[in-house]
Amino acid sequence: MAEREAKPVYVLGAGFSRAISASMPLTDELGDAVQATLGLRWPSGHTHMSFEEKLTLLSTSLPFLEGHRNTQRRAQAEQITATLADELEVRGSAAASDAAPTWLLQLISLWNAEQATVLTFNYDTLVEQAVTTIRPAVLGSDSSGESSASTVHGSQVVYPAPPAVGIRTFRDQDGPSGESFQLLKLHGSLKWFWSLGDGSTVVRQPYIQGFGEVADAVGAELAGVRTLDRFLIPPVLSKDSYYNVNLVHMLWRSAYDAVRSASRLAILGYSMPAGDRIAAELLREAPEGTPVDIVNRSIGDSADPMSPAGRAASLQFSVDREYQGEDALGEYVRACVSARAGSLMNRPELADRPDASVVVAVRLPGTERGPHSFVIRTIDDQNVGHAFDRSAPGREDKSPNDLGYRTLPFGTAQIEEFMTGASLESQLARGGRVLVNIENREYVGIDVESATIGGWPVINLTIAPA
């Protein structure tokens, strides 16, 4: 088997979704909401148990009870899981009705540039919806090295995943994209369904809408997917019995491969509770000395075995960076984007192609397809994107910069104002990062890649919202 390339691995817990929107609950808050909805009355003595402990006890067959009573208990546990999913869907819809926070869109851009692996224990689809919102650009190339650009939406970063049902539009036919990041939903998804207990029946709703976009409820109803039960591994301490499904094996083994070769491990909004023993064993597989970032509202002290810091110590993590507080995730993402932007100064692509046009591919907000291609013109130290036809360089034998220059009225610009590898390198040396204004939106460069458009050597600049 070929050795896997080392890439960063991110691990998301309930605190990650909570940072996106205050309406998203932590586990015990979700349990309280379900208890109120169903009017549950837990037996006396269970008051101080966590929701996971209560649901675990309810799901466990007790040897002193008759068979029908254990069956009743399991049925109640399944009802709680279904109600939990309904509650999360309502809250997730409310969270996604507003604009996505900038830090989340920056993080999606960062993951896309890094081709990271993202492990999530969350059922909600907020990450996928953020992907659909920003539709990050990815590059492809043919055997001659000719570059092509496309975008990905939320469903394309989630794989392995069950097959889609009820395909209705061109978007629903798009398969997984190996050119962006990979999202592994280790505990299932609100958009996955099955005939309870039959792993061969797992299916999913196809397209996942973006923030502020109305969901295709009609399509889901016509497909009949909502007549099935949701495919979720419930929040119980002993999840062993839920892992005997082929899809779950593929997800966890994919996660295992990623963790074992991780260049960096980032724990975002996940407290690493002691009860998640299988997840803990997975994270132990990170190579010795792998730098670990811990980002949580509260990290605690390494002397406290129940705190994230204490759990990191027990797992023998080499903690590199810690961020805590109300805006911990925002601060962390801004630091990562800044570091990534600053690292471009030393990239060999710029020195190797000093005369090449610098091009940007980005989907403009409000447009369905894309991406659109831009060259960059520097005016009074401000970088502005000018659109050009990506197919024109080969057809007209002109560089992208020549085409961008030609779109401007005669005498209003000079070709030297358009960015090249040399001028990009010079800007980075002076300021440490490059900002680009495209259609009155500010972006920051976070990656460069050598490419070819119409036979012309170019430098593709990957950008993130600034």
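Q: Is Asp293 buried or exposed?
A: Asp293 is buried, at 0% relative accessibility. Buried means under 20% relative accessible area, exposed is over 50%, and partly exposed is in between (1.4 Å probe, protein chains only). This is a predicted model, where local features need pLDDT of at least 70, side-chain atom pairs count only at pLDDT 80 or more, and totals for chains, interfaces and linings use all residues. Residues are numbered from 1 along each chain as its sequence is written, and side-chain values use heavy atoms, with hydrogens and water left out.

Q: OK, which residue forms a salt bridge with Asp293?
A: Arg264 does, with the closest N and O atoms 2.8 Å apart. A salt bridge here is a side-chain nitrogen of Lys or Arg within 4 Å of a carboxyl oxygen of Asp or Glu. Arg321 also forms one with Asp293, again with the closest N and O atoms 2.8 Å apart.

Q: And where does Arg321 sit?
A: Arg321 is in strand β11 (residues 318-324) and Asp293 is in strand β10, so their bridge ties together parts 28 residues apart in sequence. Strands (E, at least two residues) and helices (H or I, at least four) are DSSP runs numbered from the N terminus. Arg321 is partly exposed at 24%, and Arg264 is partly exposed at 23%.

Q: Switching topic, what does Arg18 pair with?
A: Glu29, in a salt bridge of 2.5 Å, N to O. Arg18 belongs to helix α1 (residues 14-20) and Glu29 to helix α2 (residues 27-38).

Q: How many salt bridges is that by this rule?
A: The count comes to 20.
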